[in-house]
Amino acid sequence: MTPPRATTRRYVLTGIGVAALVAGTLTATATSSAASDPTPKAIGATEAGRLADSLTDGSRGGTAGAYYDAAAKKLVVNVLDEAAAARVRAAGAEPRAVTHSQAQLDAVQRTLGERAVPGTSRGTDPVLNKVVVTADSTVRGAALDRLKQRVAAQDGKAVLKRTAGEFQPLIRGGDAIWSSSGRCSLGFNVVKNGQPYFLTAGHCAALAGTSWSETQGGPVIAQVEDYGFPGRDDALVKYTANVAHPSEVNLYNGGSQQITGARQAVVGEQVQRSGSTTRLHGGSVQRLNVSVTYPQGTVNGLIQTNVCAEPGDSGGAMFAGNSALGLTSGGSGNCSSGGQTFFAPVVDALSRYGAQIG
């Protein structure tokens, strides 16, 4: 039996659809000051993510999200006043004056999520400085009309977009990590209290089962210890057999990517996803803290990307270099025509379960 790798394996069940998807303005002085900003320092996505966390943590206010300009290798931070702009410049990032505060956009996202229908997602886009509501092809007729009216009522703080296909959890029968009812993809190998575990999607446990094997009908090698779905979409699975569990992701080209830690994703960065159905694909992060309403319920706090995925990729790893970022939750489209995929943040799962990459 070939030992499982710390690769992203994704779970999919045949025929089961999952979900898709104080104001302030800079003064004239602040705007003119931003125009003469010194050139921000060139940084990589990992450093940009750490810098974004420190500048937008909300403790001092005045900011409304951030994104990474991969071409210029700089972090752009949305600011609402000159004090925030000065902090951003001093840290080596580029301030950008915007109209809507993070608190306003968070309130809009909550409002639009109160009567959300399956097939929709909601998340703040820092580039647009608006909440983007995405509706898949199943949202139509009266439901679509009501959604348009609700978005239009947000006074310019929200915009509606459409996506082809149907938001679903990407689960079906196939080979990879098997339960009694289907298969998933393994996300990342982790350690808890000195014992080996792995992370995968919570809907794999909720919809497929809690005992996992390396092959269909093979001996059980791992057992789900804890999971959440809907609400969140992650699961902690404990190895119960003596199998190899390297901290790496399968690149499906004969090689692997070592994973040494986990971090938060940053909007605009380039990422990769590995899964048992479509193997390795890449794209960019579009939005953070996204809520997606599946037929089974709403999942919050997700990372939205334009990376493609298909049924069977569920639970698989999203990563950038040697950093673990996300676990494949669901999406729309496919890897022929493209699509959108949502990921549960790895750092949140590690904190929740008291585990570490390893």
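**Cavity, pocket, cores and an aromatic pair**

The lining of the largest cavity comprises 1 nonpolar, 5 polar and 3 charged residues. Here Ala, Val, Leu, Ile, Met, Phe, Trp, Tyr, Cys and Pro count as nonpolar, Asp, Glu, Lys and Arg as charged, and the others, Gly among them, as polar. The model is predicted: local features need pLDDT of at least 70, side-chain atom pairs count only at pLDDT 80 or more, and totals for chains, interfaces and linings use all residues. Residues are numbered from 1 along each chain as its sequence is written, and side-chain values use heavy atoms, with hydrogens and water left out.

The lining of this cavity is formed by Ser54, Leu55, Asp57, Gly58, Ser59, Arg60, Gly61, Thr63 and Arg87. Its volume is about 50 Å³. On a 1 Å grid over the protein atoms alone, a cavity is a set of points where a 1.4 Å probe fits but cannot get out; a pocket is an open set with protein on both sides within 12 Å along at least five of seven lines; lining residues have an atom within 4 Å of a point.

The largest pocket has a volume of about 640 Å³. It is lined by 26 residues, and Thr56, Gly65, Gln102, Leu288 and Asn289 are the closest to its centre. Helix H2 (45–55), strand S1 (63–69), helix H4 (102–113), S18 and S19 each supply at least two lining residues. S1 gives the most, with 4. The pocket lining divides into 10 nonpolar, 12 polar and 4 charged residues. Helices (H or I, at least four residues) and strands (E, at least two) are DSSP runs, numbered from the N terminus.

The largest nonpolar core has 27 residues, of which Phe188, Val190 and Leu199 touch the most other members. H7 gives the most to this core, with 4 residues. A nonpolar core is a set of buried Ala, Val, Leu, Ile, Met, Phe, Trp, Tyr and Cys residues joined through side-chain atoms within 4.5 Å. Buried means under 20% relative accessible area, exposed over 50%, partly exposed in between (1.4 Å probe, protein chains only).

The whole structure holds 3 aromatic pairs. Rings of Phe, Tyr and Trp (its six-membered ring) pair if their centres lie within 6.5 Å; planes under 30 degrees apart count as stacked, over 60 as edge-to-face and the rest as tilted. Phe229 and Tyr294 form a tilted pair, 6.3 Å centre to centre with 35° between the planes. Phe229 lies in the loop between strand S12 (220–228) and strand S13 (234–239) and Tyr294 in strand S18, so the pair ties together parts 65 residues apart in sequence. Phe229 is buried at 12% relative accessible area. Tyr294 is buried at 1%.

Conventions:
Points joined across faces, edges and corners; volume = space filled by probe spheres on them.
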